Amino acid sequence: MVVNGVETNFPSEELAMVSVPAPIESAKVVTPESSDGVYSIDITSGLPSGCAEFNNVEVSRNGNEFVVDVTNLVPNPNEPIACTSIYGYHDSKSDLGSGLTAGEMYTVVI
């Protein structure tokens, strides 16, 4: 089985992974080149151990607020497993959408 690009000796059925919030290293909203283009967000999230692997980015919108959830997969904490303490990074880009109004305030919560 490969975990975060490293071959392990653990059969995949023995390694129960759970989803956890990823640490956020940086985030930047990217404006579109044209007025009808799509806004996006560039995110660098952390992989806090050799057993952590990037899982997903989910974006939801409620009015003028965008909520961005970034998650990693890690071994279940109830199943002790040795992991290297190597800290890694994952770069993601997600769409925020189009049709935003110039001069209006929007909030992005990560």
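S4 and S5 run antiparallel and are joined by six bridges. The structure shown is a predicted model.

- S4, S5 and S8 form an open sheet of three strands in the order S4-S5-S8, with antiparallel pairing.
- The edges are strand S4 (24–30) and S8, each of which pairs on one side only.
- Neighbouring strands of this sheet are turned against each other by 15° on average, direction ignored.

- Asp69 in S7 is the bridge partner of Glu58.
- Two residues lie between the strands of this hairpin, and Gly63 takes a positive phi near 65° there.

**The disulfide**

- The disulfide is formed by Cys51 and Cys83, with their sulfur atoms 2.1 Å apart.
- The pair links distant parts of the chain, the two cysteines being 32 residues apart.
- Cys51 lies in the loop between strand S5 (39–47) and strand S6 (53–62), while Cys83 lies in the loop between strand S7 (65–75) and strand S8 (88–97).
- The angle about the S-S bond is -105°, and the link of Cys51 and Cys83 is left-handed.
- Cys51 counts as buried because its relative accessibility is 10%, and buried means under 20%.
- Cys83 has a relative accessible area of 33%, so this residue is partly exposed; that class lies between the 20% limit for buried and the 50% limit for exposed.

**The chain as a whole**

- Along the sequence, the secondary structure follows the pattern β-β-β-β-β-β-β-β-β.
- The protein chain has 110 residues, of which 28% count as buried.
- Of the contacts between residues at least 6 apart in sequence, 66% join residues at least 24 apart.
- The accessible surface of the protein chain comes to about 7000 Å², and carbon and sulfur atoms account for 50% of this surface.

Definitions and conventions:
Residues are numbered from 1 along each chain as its sequence is written. This is a predicted model: local features need pLDDT of at least 70, side-chain atom pairs count only at pLDDT 80 or more; totals for chains, interfaces and linings use all residues. Side-chain values use heavy atoms; hydrogens and water are left out. A disulfide is a pair of cysteine sulfur atoms within 2.5 Å. Helices (H or I, at least four residues) and strands (E, at least two) are DSSP runs, numbered from the N terminus. Buried means under 20% relative accessible area, exposed over 50%, partly exposed in between (1.4 Å probe, protein chains only). Two strands pair if DSSP finds at least two bridges between them. Axes are lines fitted to C-alpha atoms, for helices over the stretch in contact, and angles run from 0 to 180 degrees between N-to-C directions. Contact means heavy atoms within 4.5 Å. Accessible areas come from the Shrake-Rupley method with a 1.4 Å probe; for residues, only the protein chains shown count as cover.
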